Amino acid sequence: MKEFISNLFKVSNERLKNPLIFSFLLSWLAFNWRPIFTLLLSDKKIEDRITYISENFNEIQFNLFYPLIFSIGYVLLLPYVTWLIEVLVQYAKIGRKRNLISEQLSDLRDKQKIAREEYKYEQEKAGNAEISQLNSNIQELTKVNTEKDKVIERLKIDLTESKKEQKKLEQYISLESPENTEFNEEMKMNLDKEYEEFLKTEVSTYFEEIGSEISQFKSIPKNIDKIVIEKLIYSGLIKKIDDEENQRVYYVLTNKGKHFWKNYVLSKRILSKQELDRMNEPDDLPF
């Protein structure tokens with residue numbers, strides 16, 4: 001008996017695990033809940049309950065057709081419904097992932113834009129700092145160059161002044177220095193011959209007046225023709241000296257000119273005082 005009951009429960013349990021039977025049982029309970037509740041919960045006698053159920057809940061569609069159709073439909077359609085639900089769920093998951101990826105990509109793009117702008121800002125900041133440093137260096141170099149230019153200008157002025165002083169000193173040396181007036185005998189003989197030839201020229205007639213003026217005042221008489229002065233300069237007898245600082249022109253005798261002037265002065269005869277007095281006596285003649 002126990003084995004029979006155990007086998008019955010076992011068989012019943014296996015039957016209940018069948019999807020069609022289980023779904024039919026659930027659908028039958030769902031369609032026939034009213035007679036079940038009437039049978040279990042009614043206050044009437046059991047005979048009356050059975051009679052009432054037999055009279056009022058005997059429709060074949062609720063007892064067989066509807067539960068059977070529902071259970072068959074459930075067994076056949078449930079996999080497809082489940083598959084559809086899984087597809088929709090998977091599609092929803094994919095959509096969520098795509099949305100998440102899209103949001104992450106959008107965030108990354110925004111971060112990239114921010115990073116690019118920050119990089120540009122840093123570059124501009126560094127560039128501005130470098131430009132500022134370059135401007136500062138340029139200003140320093142400009143200042144140094146300006147100072148150097150000032151120093152160069154001062155040095156040029158000093159050099160010009162030094163040249164003027166040197167030239168002035170050379171001029172004074174030329175004016176005051178007797179130069180080298182010593183000649184050997186051969187040179188003196190040659191100069192004496194040149195002097196004799198010089199006395200035969202027209203320029204020699206001006207030599208007394210010019211030599212006297214140069215010896216005393218280092219100048220040329222104003223009434224002397226410039227050509228005469230140029231001839232004496234090219235003959236090597238006199239020398240012209242320009243004093244730019246004092247804006248004056250000096251004339252001095254060269255060594256050759258001094259030798260000529262010495263011969264000229266020594267060759268001149270000086271009248272005695274008596275001869276000058278006789279020359280200055282009045283003439284007794286009436287006419």
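This is a predicted model: local features need pLDDT of at least 70, side-chain atom pairs count only at pLDDT 80 or more; totals for chains, interfaces and linings use all residues.

Student: What does Glu194 pair with, and how far apart are the closest N and O atoms?

Tutor: Glu194 pairs with Lys256. Their closest N and O atoms are 2.8 Å apart.

Student: Which helices are those two in?

Tutor: Glu194 lies in helix α6, residues 185–199, and Lys256 in helix α9, residues 255–267. So the pair ties together parts that are 62 residues apart in sequence.

Student: How exposed are Glu194 and Lys256?

Tutor: Glu194 is partly exposed, at 37% relative accessible area. Lys256 is also partly exposed, at 24%.

Student: And what is the salt-bridge partner of Lys200?

Tutor: Glu197. The closest N and O atoms there are 3.9 Å apart. That falls within the 4 Å cut-off.

Student: Is Lys200 buried or exposed?

Tutor: Lys200 is exposed, with 66% relative accessibility. Glu197 is partly exposed, at 48%.

Student: Switching to strands. How do β1 and β2 run, and how many bridges join them?

Tutor: They run antiparallel, joined by 6 bridges. β1 covers residues 238–243 and β2 covers residues 248–253.

Student: Which residue in β2 is the bridge partner of Asp243?

Tutor: Arg248.

Student: What sits between the two strands?

Tutor: A turn: β1 and β2 form a hairpin with 4 residues between them. Gln247, in that turn, has a positive phi of about 55°.

Conventions: Residues are numbered from 1 along each chain as its sequence is written. Side-chain values use heavy atoms; hydrogens and water are left out. Two strands pair if DSSP finds at least two bridges between them. A salt bridge is a side-chain nitrogen of Lys or Arg within 4 Å of a carboxyl oxygen of Asp or Glu. Buried means under 20% relative accessible area, exposed over 50%, partly exposed in between (1.4 Å probe, protein chains only).
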